[in-house]
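Me: I have a model open and want to go through its packing. Can we take it piece by piece?

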Amino acid sequence: MHIASLQFIIISYSNNKQHGSGLGTSSRLVFRLYVSQTKISLMANSGGPHLATFGAGCFWGVQRYFKKQFGNALINIKVGYSGGTASNALTNYEAVCTGKTGHAEAIQIEYDPSKTDYDSLVTYFFRIHDPTTKNRQGNDNGSQYRSVVFYHSEGQKGITESVMEKVKIHFKNPIVTEIVPATTFILAEDYHQDYLDKNPGGYCNHKLYW
């Protein structure tokens, strides 16, 4: 954790104390913490599980690449659908493939912050797909294959923006990745989970771009 500066500022104070109280009833404290955008997991995930949710084309390949790269740093990784308007009951693979649900194929990761961090995850996300092609990855066309980061906190949003600025030098064309708040993540059907573990020769159009 790299902390640039830490400030504790009392912005109001009253001597009108209640019995047993160290500060007046109108007192208010403001704590300002300035941190590096890229190396503080507490800022990226304030409370609860440490989650990361990405859409980078066909979720089979995205899941396989993240599992191979991060191994036991990942507590859980599932494929599913997110970012659309269709309800859970109306969302399945066939419906998402029509492009009418608004959902993207996505992965959701729960990770161990003692073994990796959000900066590393989002950087790898940009390495394994082409974020410069709108609604397309390789042979897969449609909004369900869009490049998108679903952030779970303002910290994750800031880290994603910072990383995207750094990695743009690796691509000839502008990055068109969407950065949007995380919404409901709908689990994909069982046969999609760990698909390339079950079918090692199955379809995958992902690769390392640098």
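Me: Which elements do the buried residues of α2 pack against?
Reply: They pack against β3 (51-56), β4 (74-82), α3 (93-97), β5 (104-111), α4 and α6 (195-198). Contact means heavy atoms within 4.5 Å. Helices (H or I, at least four residues) and strands (E, at least two) are DSSP runs, numbered from the N terminus.

Me: What kind of model is this, and how are residues numbered?
Reply: It is a predicted model, where local features need pLDDT of at least 70 and side-chain atom pairs count only at pLDDT 80 or more, while totals for chains, interfaces and linings use all residues. Residues are numbered from 1 along each chain as its sequence is written, and side-chain values use heavy atoms, with hydrogens and water left out.

Me: Back to α2. Which of its residues are buried?
Reply: Phe59, Trp60, Gly61, Val62, Gln63, Tyr65, Phe66 and Phe70. Buried means under 20% relative accessible area, exposed over 50%, and partly exposed in between (1.4 Å probe, protein chains only).

Me: How far does α2 reach?
Reply: Its twelve residues, 59-70, reach 16 Å from first C-alpha to last, close to the 16 Å expected at 1.5 Å a residue. The expected span is 1.5 Å times one less than the number of residues.

Me: What follows α2?
Reply: Gly71, with a positive phi near 50°.

Me: New topic. How do α4 and α5 pack?
Reply: α4 (residues 118-127) and α5 (residues 154-167) pack at about 45°, with their axes 10 Å apart. α4 and α5 are therefore oblique to each other; angles under 35 degrees count as roughly parallel, over 145 as roughly antiparallel, 65 to 115 as roughly perpendicular and the rest as oblique.

Me: Which residues make that contact?
Reply: From α4, Tyr118, Asp119, Val122, Thr123 and Phe126; from α5, Gln156, Ile159, Thr160, Val163, Met164 and Val167.

Me: Now Cys204. Where is it?
Reply: Cys204 is in the segment after α6. Leaving aside residues up to four places away in sequence, Cys204 touches Gly61, Arg64, Tyr65 and Leu196.

Me: Why does Cys204 count as partly exposed?
Reply: Because its relative accessibility is 24%.

Me: How far is Cys204 from Cys58?
Reply: Their C-alpha atoms are separated by 7.6 Å, and the two are 146 residues apart along the chain.

Me: And the chain overall: how many helices and strands?
Reply: Six helices and ten strands. Of the 210 residues, 43% are buried.

How values were computed: Axes fitted to C-alpha atoms, helices over the stretch in contact; angles between N-to-C directions.
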